[in-house]
Amino acid sequence: MWTRKELKEKGKLCFKRNYWKCVLVALIISFIAGGSGGFSGGTSSISNYNRYKMDTASKTETVETIEDENDITEEDKDKSSDSESDVFKLNIDTENPEDISEQIDQNLEKMDPADKTAMMVSFFIVFLVVFLVIFAIVFVFSAFIINPIMVGCNRFFFKNLDEPANFTNIVHAFDHNYMNTVKTMFCKDIFTMLWTMLFIIPGIIKSYEYRMIPYILADNPEMDRKEVFKLSKELMTGNKWKAFVLDLSFIGWEILSVLTCGILTIFYVNPYILSTNAALYEKLRYGVEAE
């Protein structure tokens with residue numbers, strides 16, 4: 001059995017013993033795991049047919065009409081007016097952005113509903129393609145770079161429980177069964193995402209069930225993926241709610257962090273929490289043997 005008090009006391013003690021290194025490693029985790037990213041994409045694919053007209057006030061030549069204007073049929077006039085209304089005209093010479101916005105609104109009002117629909121569909125398709133490409137790049141980068149670093153940072157805090165840990169632990173996963181770490185963490189992310197998409201509550205429960213996976217990989221990088229998932233499930237059986245309450249116990253520190261504009265988070269709260277979580281893994285994994 002374990003209590004929040006003993007875990008937090010050990011986490012605080014070990015964190016303060018190796019203060020500046022813990023602060024730096026916690027800051028690395030914040031950057032790679034807590035950063036916000038926005039996906040936005042937008043392209044403009046509007047065809048402009050610029051029609052150059054001669055200024056009637058500066059005519060230098062007289063154009064003689066061969067046919068009388070009466071020969072122009074009403075059908076030709078209708079076609080001419082339709083072609084002019086279909087043109088998306090935009091004067092970008094103005095320096096006022098509001099004028100450009102008004103021009104766009106006016107042109108959109110003149111467009112045929114079918115053309116509007118086609119344009120919106122084109123925008124949506126382009127946006128979706130750009131979004132998926134960026135998402136794929138970020139996901140691959142996360143799987144092959146960020147996740148192994150996360151495992152290494154967890155190893156740092158786990159090793160720091162017994163003695164001051166070194167920064168070399170951060171890159172430990174790259175030198176020890178790297179592809180197994182990539183594969184296991186990738187599956188963890190996918191399973192968590194799928195459970196969350198299915199239902200929010202099961203997603204949260206599964207995230208606590210998988211909570212020990214990074215620590216298990218950091219401690220035993222040679223362990224097979226199925227064994228890692230099985231061991232994490234066993235360690236968290238009966239401990240999910242207690243781990244959730246442990247997380248809630250830091251809410252007071254989180255509020256103080258907001259009041260200090262995040263300064264307290266960097267220099268105290270994050271290292272404190274990460275060190276406590278490492279102590280939780282140690283207790284669940286080796287607590288029985290230690291007793």
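The sulfur of Cys14 lies 8.5 Å from the closest cysteine sulfur, that of Cys22, which is too far for a bond. The model is a predicted one, and a search of the whole structure finds 0 disulfides, a disulfide requiring two cysteine sulfur atoms within 2.5 Å. Cys14 counts as buried at 2% relative accessibility, and Cys153 likewise counts as buried, at 0%.

The whole structure holds 23 aromatic pairs. In one of them, the ring centres of Phe15 and Tyr268 are 5.6 Å apart with the planes at 75°, so this pair is edge-to-face. Because Phe15 belongs to helix H1 (residues 4-17) and Tyr268 to helix H13 (residues 263-290), the pair ties together parts that are 253 residues apart in sequence. The rings of Trp241 and Phe244, by contrast, are tilted, with centres 5.4 Å apart and planes at 35°; both residues lie in helix H11 (residues 240-248), 3 residues apart, about one turn of the helix.

| Residue | Relative accessibility | Class |
|---|---|---|
| Phe15 | 0% | buried |
| Tyr268 | 16% | buried |
| Trp241 | 62% | exposed |
| Phe244 | 29% | partly exposed |

Phe15 and Tyr268 also belong to one aromatic cluster, which is formed together with Tyr19, Trp20, Phe250, Trp253, Phe267 and Tyr272.

Charged side chains complete the picture. Lys21 lies over the face of Phe167, at 5.6 Å from the ring centre, while the charged end of Lys242 sits over the ring of Trp2, 4.3 Å from its centre.

Definitions and conventions. Residues are numbered from 1 along each chain as its sequence is written. This is a predicted model: local features need pLDDT of at least 70, side-chain atom pairs count only at pLDDT 80 or more; totals for chains, interfaces and linings use all residues. Side-chain values use heavy atoms; hydrogens and water are left out. Buried means under 20% relative accessible area, exposed over 50%, partly exposed in between (1.4 Å probe, protein chains only). Rings of Phe, Tyr and Trp (its six-membered ring) pair if their centres lie within 6.5 Å; planes under 30 degrees apart count as stacked, over 60 as edge-to-face and the rest as tilted. Helices (H or I, at least four residues) and strands (E, at least two) are DSSP runs, numbered from the N terminus. A charge sits over a ring if NZ of Lys or CZ of Arg is within 6 Å of the ring centre and within 35 degrees of the ring normal.
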